[in-house]
Amino acid sequence: MSAVEVISEIKRLPQVQRRKVYQFVSEQLRREEDRRDNAAADQALSEPGENIAWADARKRLGWA
């Protein structure tokens with residue numbers, strides 16, 4: 001089933017059911033974002049080197 005077909009099926013649902021699908025998908029996306037963020041943080045914490053303040057990091061990157 002293609003994404004277009006899935007979206008079409010979701011649009012056919014009653015409003016209450018459609019809302020539940022949207023909430024479910026939103027929660028799954030949030031969980032995946034959290035998983036990726038945590039994995040990136042774990043990787044960064046495992047790397048050697050000194051810890052620096054966020055303000056200093058921003059300056060070094062030219063973001064400040």
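**Exercise 1.** Which residues are linked with E27 in a network of salt bridges?

*Solution.* Begin with the ground rules. This is a predicted model, where local features need pLDDT of at least 70 and side-chain atom pairs count only at pLDDT 80 or more, while totals for chains, interfaces and linings use all residues. Residues are numbered from 1 along each chain as its sequence is written, and side-chain values use heavy atoms, with hydrogens and water left out.

Next, the criterion: a salt bridge puts a side-chain nitrogen of Lys or Arg within 4 Å of a carboxyl oxygen of Asp or Glu. The network links E27 with R30, R31 and D34. One of its pairs to look at is R31 and E27, whose side chains meet at 3.1 Å, N to O. Both lie in helix 2, four residues apart, about one turn of the helix. Helices here are DSSP runs (H or I, at least four residues), numbered from the N terminus. Over the whole structure, the search finds six salt bridges.

**Exercise 2.** Find the salt-bridge partners of E32, starting with R35 and going on to R36.

*Solution.* First, E32 meets R35 at 2.6 Å, N to O. These two are three residues apart in helix 2, so about one helical turn separates them. Second, E32 meets R36 at 2.9 Å, N to O; here the spacing is four residues in helix 2, again about one helical turn.

Now check exposure, with buried meaning under 20% relative accessible area, exposed over 50% and partly exposed in between (1.4 Å probe, protein chains only). E32 is partly exposed because its relative accessibility is 29%. R35, at 48%, is also partly exposed, whereas R36 reaches 55% and so counts as exposed.

**Exercise 3.** Which residues make the nonpolar surface patch of about 300 Å²?

*Solution.* Patch members need over 30% relative accessible area and no salt bridge; like charges are joined within 9 Å, and nonpolar side chains (Val, Leu, Ile, Met, Phe, Trp, Tyr) within 5 Å. Areas come from the Shrake-Rupley method with a 1.4 Å probe, and for residues only the protein chains shown count as cover. The patch is made by F24, V25 and L29. Take V25 as a check: this residue sits in helix 2, which spans residues 15-46, and is partly exposed, with a relative accessible area of 40%.
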